[in-house]
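The report below treats a single protein chain together with its ligand. Please read it beside the sequence and the coordinates.

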Amino acid sequence: MVDIINQFLQESNQMIDLIKQLVIRSFQVSDEPDVIGLWHLCNLVVPQNDPKKDIEMKLQVQPELFLVGVISNRIISTVMSGYDGHRGWIYYLAVDPDFQKNGIGRCMFEKAEMKLRKLGCSKINLQVRNSNKSVIAFYKHIGFLDDDVLGLGKRL
Ligand SMILES: CC(C)(COP(=O)(O)OP(=O)(O)OC[C@H]1O[C@@H](n2cnc3c(N)ncnc32)[C@H](O)[C@@H]1OP(=O)(O)O)[C@@H](O)C(=O)NCCC(=O)NCCS
């Protein structure tokens with residue numbers, strides 16, 4: 001029992017240490033290779049999306065809502081968001097697998113949420129592939145509910 005408690009305390013301390021070291025800042029152009037590498041590691045790059053183009057376009061619209069998380073000069077997390085005057089949207093929330101389950105995903109999301117709130121946003125939407133079950137569980141855990149809607153999209 002004591003061992004279990006000690007292990008729990010050790011893991012909690014490690015988590016707090018990592019969060020203390022985490023610096024969340026706006027994306028800079030020089031971050032691009034590391035960010036794209038991270039997205040590949042996190043399986044976020046799919047054939048229909050060109051990450052370079054996604055970044056280029058985001059830098060033209062609300063670039064301040066594209067954030068990276070850095071620990072010891074290493075980019076270990078990202079989140080991209082946007083507000084269209086009605087709803088906020090979240091994309092590319094990613095944490096390096098070496099750092100997952102330490103509260104960093106929640107921190108990144110909360111930072112993006114705070115920025116959207118400041119813009120007057122009252123609801124955040126997001127799209128997750130149906131096959132990405134564990135991420136759906138993560139989002140439900142941090143407060144998202146299943147909107148009773150069918151997600152539709154049209155490529156332009
Ligand atoms: C989703 C992702 C960003 C979560 O990041 P993370 O740093 O591991 O998450 P956190 O440690 O901040 O977790 C926050 C809470 O959610 C819980 N959680 C994390 N992953 C979970 C999962 N798969 N299922 C259920 N709960 C989960 C944690 O236990 C934690 O709970 P607590 O605050 O009550 O202790 C990360 O798993 C990831 O990068 N996945 C791959 C990329 C991806 O698919 N992104 C989503 C694109 S839509």
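## H40 and its surroundings

H40 counts as exposed because 12 C-beta neighbours lie inside 10 Å, where exposed means 12 or fewer other C-beta atoms within 10 Å of the residue's own, buried means 20 or more, partly exposed covers the values in between, and C-beta atoms are placed from the backbone. H40 sits in helix α2, residues 32–41; helices here are DSSP runs of H or I with at least four residues, strands are runs of E with at least two, and both are numbered from the N terminus. Although H40 and P51 are eleven residues apart in sequence, their C-alpha atoms are 9.5 Å apart in space.

This is a predicted model, in which local features need pLDDT of at least 70 and side-chain atom pairs count only at pLDDT 80 or more, while totals for chains, interfaces and linings use all residues. Residues are numbered from 1 along each chain as its sequence is written.

## Overall architecture

The protein has five helices and five strands, and from the N terminus on its elements follow the order α-β-α-α-β-β-β-α-β-α. The radius of gyration is 17 Å, close to the 15 Å that the globule rule gives for 156 residues, so the protein is as compact as a globular protein of that length; the radius is taken over C-alpha atoms, and the rule is 2.2 Å times the number of residues to the power 0.38. Along the principal axes, the C-alpha atoms fill a box of roughly 60 × 40 × 35 Å.

Of the 156 residues in the protein, 18% are buried. Among contacts with a separation of 6 or more, 60% involve residues 24 or more positions apart, a contact being a pair of residues whose C-beta atoms, placed from the backbone, lie within 7 Å.

## The sheet and the helices packed on it

The five strands form an open sheet in the order β1-β2-β3-β4-β5, with mixed pairing, where two strands pair if DSSP finds at least two bridges between them. The edge strands, each pairing on one side only, are β1 and β5 (124–125). Helix α2 packs on this sheet, where α2 touches β2, β3 and β4 and its direction makes about 90 degrees with that of β3. Helix α4 also packs on the sheet, touching β1, β2, β3, β4 and β5, and its direction makes about 30 degrees with that of β3; the axes are lines fitted to C-alpha atoms, for helices over the stretch in contact, and angles run from 0 to 180 degrees between N-to-C directions.

Strands β1 (residues 23–26) and β2 (residues 66–71) run antiparallel and are joined by four bridges, and I24 has G69 in β2 as its bridge partner. Six bridges join β2 to β3 (residues 74–83), again antiparallel, and here G69 has S77 in β3 as its bridge partner. Two residues separate β2 and β3 in a hairpin, and S72 in the turn has a positive phi of about 50 degrees.

## Surroundings of the ligand

Which residues are closest to the ligand? They are Q100, G105, R106, S134 and A137, within a shell of 20 residues, a residue being near if its C-beta atom, placed from the backbone, lies within 6 Å. The elements that give two or more residues to this shell are β4 (88–95), α4 (104–118) and α5 (133–141), and α5 provides the largest share, five residues.

By class, the shell has eleven nonpolar, seven polar and two charged residues; Ala, Val, Leu, Ile, Met, Phe, Trp, Tyr, Cys and Pro count as nonpolar, Asp, Glu, Lys and Arg as charged, and the others, Gly among them, as polar.

Most residues other than glycine have a negative phi. Y92, which is not a glycine, has a positive phi of about 50 degrees; Y92 is in strand β4 and counts as buried, with 22 C-beta neighbours inside 10 Å. K101 is likewise a residue other than glycine with a positive phi, near 65 degrees, but K101 is found in the loop between β4 and α4 and is exposed, with 11 other C-beta atoms within 10 Å.

Notes: Two residues are in contact if their C-beta atoms, placed from the backbone, lie within 7 Å.
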